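Hello,

Here is the structure to look over. My notes follow below it.

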Amino acid sequence: MDVLIVGASGSIGEELAKIYWAKYSSTADFRLFVTHRKKGFKGLEGAINMFLDYEDEKSVVKCVSLLSEKELRPDIVVFCSGFLHNSLHQPEKRISEVSEDYLSKSFQINAAGP
C-alpha cells in the first residue's frame, strides 16, 4: 500500500503521517511518501521525504521525478498543504484588504498546486 501525504510539515499532516506509519509500517508492501515545504523540517524516519513548494517549479519537478522513479501508485492521497497567511499577507478582515498578490498566492498553493 502506498500512501502520499502532501503537507506533512504542518501539524495535521505530520500527525496523519505518524498514524499511518504506526499502523502500517510493519506491512511488507507499505510505503509512506510525505512532502513538506519547511526548510528545517526533518521529515519522518522511514518515510520517503520530499521537499515541495508549489511556488518553486524546480522543487515540483524534482518531487514529481522522485515519485515517478519510486513508481508511486497511491492507494491513499491526503492533502494537508495550504496557505492562510505569512509575514506579508495577513488574513483580511475587510474586502478592501484583499490584494491581487494575496489571492494569486493563495490560489496557487490552495487550489492550483494540489
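The protein chain has three helices and four strands, taken as DSSP runs (H or I of at least four residues for helices, E of at least two for strands) and numbered from the N terminus. Along the sequence the pattern reads β-α-β-β-α-β-α. This is a predicted model, where local features need pLDDT of at least 70, side-chain atom pairs count only at pLDDT 80 or more, and totals for chains, interfaces and linings use all residues. Residues are numbered from 1 along each chain as its sequence is written, and side-chain values use heavy atoms, without hydrogens and water.

The C-alpha trace spans about 55 × 25 × 25 Å along its principal axes. Of the 114 residues, 31% are buried (under 20% relative accessible area, 1.4 Å probe, protein chains only).

Phe83 is in contact (heavy atoms within 4.5 Å) with Arg37, His89, Tyr102, Lys105, Ser106, Ile109 and Asn110, leaving out residues up to four places away in sequence.

His36 belongs to strand β2 (residues 31-36). His36 counts as buried because its relative accessibility is 9%. Beyond its neighbours within four places in sequence, His36 touches Ser9, Phe41, Met50, Phe51 and Leu52.

Regards

Terms used:
Buried means under 20% relative accessible area, exposed over 50%, partly exposed in between (1.4 Å probe, protein chains only).
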